[in-house]
Amino acid sequence: MSQKLLYIETLGCAMNVRDSEHIIAELTEKDNYALTTSPKDADLIIINTCSVREKPVQKLFSEIGAFKKIKKEGAKIGVCGCTASHLGEEIIKKAPAVNFVLGARNVSKIKSAVAKDKSVEIDINYDDSSYMFGEYRQNDYKALINISIGCDKECAYCIVPHTRGEEVSIPMELILREAKKAADKGAKEVVLLGQNVNNYGKGFKDKSINFTALLREVSKIDGIERIRFTSPHPLHADDEFIEEFAKNPKICKNMHFPLQAGSSKVLKDMRRGYTKEWFLSKAAKIRELCPEATISTDIIVGFPGESDEEFLETMEVVEKVGFEFMFSFAYSPRPLTKAANMPNQVDEEIKKMRLLTLQSAQLKIQEAAHKRQVGKVEKILVESRDGDIYFGKTGSGFGVKFESDKELLGQLVDVEITKAGRHALSGHLI
Ligand code: SAH
Ligand code: SF4
Ligand code: F3S
């Protein structure tokens with residue numbers, strides 16, 4: 001069989017990045033594909049899509065058009081991921097150049113999807129949670145590992161439960177096996193992935209297996225020096241979990257803690273399951289038990305019905321907690337979600353203004369946090385290099401650049417932070 005080339009473009013979150021790795025593993029190990037970075041040379045072009053906001057979905061069809069123009073004669077185009085799950089056959093109807101559609105929950109069926117023209121596999125109840133994929137990883141030092149798939153929450157704005165289906169936790173033995181394999185191949189850091197990682201174990205008969213227990217087991221693996229996870233849900237942040245986070249030396253001291261909104265009324269309309277006070281008390285507990293930790297968050301502005309006063313409550317929580325990192329979004333109505341049909345949608349201009357207000361306040365908080373790092377000596381996992389300039393992250397999540405002519409990729413090194421910029425820090429190797 002002659003070698004075929006695969007080009008894959010990955011949009012969306014870390015879960016999609018991991019799904020793309022699984023797709024690559026299946027097609028390179030069990031079929032005869034090799035990766036290419038050039039779509040015009042590829043025999044198969046895959047777009048692994050995200051559906052969480054409207055813009056990337058609109059972009060998908062123009063991208064398919066662009067690939068259709070440049071692709072080789074006979075090359076196939078496949079659409080995978082969350083937009084595949086939610087639009088299904090519609091994608092092929094709208095863009096007949098697409099050869100197959102494979103949903104986010106159906107990654108293990110990639111080989112048969114490629115083989116069967118116009119196939120549409122989007123069953124969100126399909127359970128590929130104990131399916132073992134091959135070995136491919138984009139980054140050998142930092143291994144992404146799924147611990148659960150799907151989501152059982154019903155946040156009113158969110159399409160994910162409709163694209164990734166019911167929440168299923170992956171058996172602990174399989175997770176530990178993956179982590180050990182990664183460590184044997186040189187990974188120093190693992191990133192445990194799920195929509196609500198700290199709800200891990202939901203549905204297991206053995207109730208002693210929860211996220212805290214998983215963290216303890218993963219931290220026993222030789223060679224794994226750092227553990228990260230994303231995303232925990234504030235509702236499930238019990239004391240046991242926060243204490244383990246604070247005291248386990250292998251757990252990186254960055255907690256991603258998605259606030260979404262600062263007003264209890266908006267949180268209730270969003271169906272997040274916690275109040276402003278609950279969130280603030282959990283954040284205070286993290287700061288108290290682990291003063292060196294950073295807290296990052298996700299915020300949506302302009303959710304239907306959000307008043308100026310309610311938006312100001314978000315600003316108030318942001319100031320109080322002082323999130324070191326933030327991902328902020330203007331609310332985007334999504335099909336299949338409750339909020340899309342709410343009557344009191346917020347004007348686009350108002351959303352834009354609120355987003356700007358939030359982001360400029362955040363920039364100040366972030367700059368101050370950056371300045372506080374100057375003078376510290378931090379362990380950095382060296383992730384990439386450009387000539388003699390290396391880049392890596394501190395345990396608490398700050399990106400740091402430094403110069404060296406040694407070979408340092410994949411190593412944990414000590415760096416003294418000497419300068420604070422807006423987006424990254426710089427330092428020198430010790
Ligand atoms: N499971 C994670 C979120 C995954 S989606 C959690 O509960 O935190 C990633 C982020 O996208 C969310 O945290 C939210 O801030 C944002 N998001 C989701 N739906 C959105 C929408 N309809 N409009 C704007 N932002 C949205
Ligand atoms: Fe979406 Fe809410 Fe589930 Fe997160 S917890 S994926 S925001 S429904
Ligand atoms: Fe991730 Fe986007 Fe799907 S954020 S879960 S790829 S909708």
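A nitrogen atom of ligand 1 lies 3.0 Å from a polar backbone atom of Tyr157, a polar contact (a pair of N or O atoms within 3.5 Å; within protein, one must be able to donate a hydrogen and the other to accept it, and residues adjacent in sequence count only if both atoms are side-chain atoms). This is a predicted model, in which local features need pLDDT of at least 70 and side-chain atom pairs count only at pLDDT 80 or more, while totals for chains, interfaces and linings use all residues; side-chain values use heavy atoms, with hydrogens and water left out. Residues are numbered from 1 along each chain as its sequence is written, and chains are lettered from A and ligands numbered from 1 in the order in which they are written.

**Ligand 1**

- There are 14 residues around ligand 1, and those that come nearest are Tyr157, Gln195, Gln260, Asp298 and Ser332; a residue is near a molecule or strand if one of its heavy atoms lies within 4 Å of it.
- Gln195 places a polar side-chain atom 2.7 Å from a nitrogen atom of ligand 1.
- Gln260 places a polar side-chain atom 2.7 Å from an oxygen atom of ligand 1.

- Around ligand 2 are Cys151, Lys153, Cys155, Tyr157, Cys158, Val160, Pro161, Gln195, Asn196, His233 and Arg272.
- The shell of ligand 2 consists of six nonpolar, three polar and two charged residues, where Ala, Val, Leu, Ile, Met, Phe, Trp, Tyr, Cys and Pro count as nonpolar, Asp, Glu, Lys and Arg as charged, and the others, Gly among them, as polar.
- Around ligand 3 are Cys13, Asn16, Cys50, Ser51, Val52, Cys82, Val160, Arg164 and Gln195.
- The shell of ligand 3 consists of five nonpolar, three polar and one charged residue.
- Domain 1 (4–121) and domain 2 (142–371) each supply at least three residues to the shell around ligand 3; the domain bounds come from an automatic or database domain assignment.

**Aromatic rings**

- The whole structure holds 14 aromatic pairs, meaning rings of Phe, Tyr and Trp (its six-membered ring) with centres within 6.5 Å; planes under 30 degrees apart count as stacked, over 60 as edge-to-face and the rest as tilted.
- One of these pairs is formed by Phe211 and Phe241, which are tilted, with 5.8 Å from centre to centre and 50 degrees between the planes.
- This pair links distant parts of the chain, 30 residues apart: Phe211 belongs to helix α8 (residues 211–219) and Phe241 to helix α9 (residues 239–247). Helices (H or I, at least four residues) and strands (E, at least two) are DSSP runs, numbered from the N terminus.
- Phe211 and Phe241 are both buried; buried means under 20% relative accessible area, exposed over 50%, and partly exposed in between (1.4 Å probe, protein chains only).
- Tyr274 and Phe279 form another tilted pair, at 6.1 Å centre to centre and 35 degrees between the planes.
- Tyr274 is buried at a relative accessible area of 4%, and Phe279 is buried at 0%.
- Phe211, Phe229, Phe241 and Phe245 are linked into a cluster by ring pairs.
- Lys253 lies over the face of Phe245, 5.4 Å from the ring centre; a charge sits over a ring if NZ of Lys or CZ of Arg is within 6 Å of the ring centre and within 35 degrees of the ring normal.
- Lys109 lies over the face of Tyr126, 3.8 Å from the ring centre.

**Backbone details**

- The peptide bond from Thr230 to Ser231 is cis, with omega near -5 degrees, and Ser231 is in the loop between β11 (226–230) and α9.
- Gln260 is a residue other than glycine with a positive phi, near 75 degrees.
- Gln260 sits in the loop between β12 (254–256) and α10 (264–270) and is buried, with a relative accessible area of 8%.
- Leu336 also has a positive phi near 75 degrees and is not glycine.
- Leu336 sits in the loop between β14 (325–330) and α13 (348–373) and is exposed, with a relative accessible area of 55%.

**Other loops**

- Asn139 lies in the loop between β6 (119–121) and β7 (142–146).
- The side chain of Asn139 reaches two backbone nitrogens: that of Tyr141 at 2.8 Å and that of Lys142 at 3.2 Å.
- Pro96 is in the loop between α4 (89–94) and β5 (100–103) and counts as exposed, at 56% relative accessibility.
- From C-alpha to C-alpha, Pro96 and Trp278 are 49 Å apart in space, and they are 182 residues apart in sequence.
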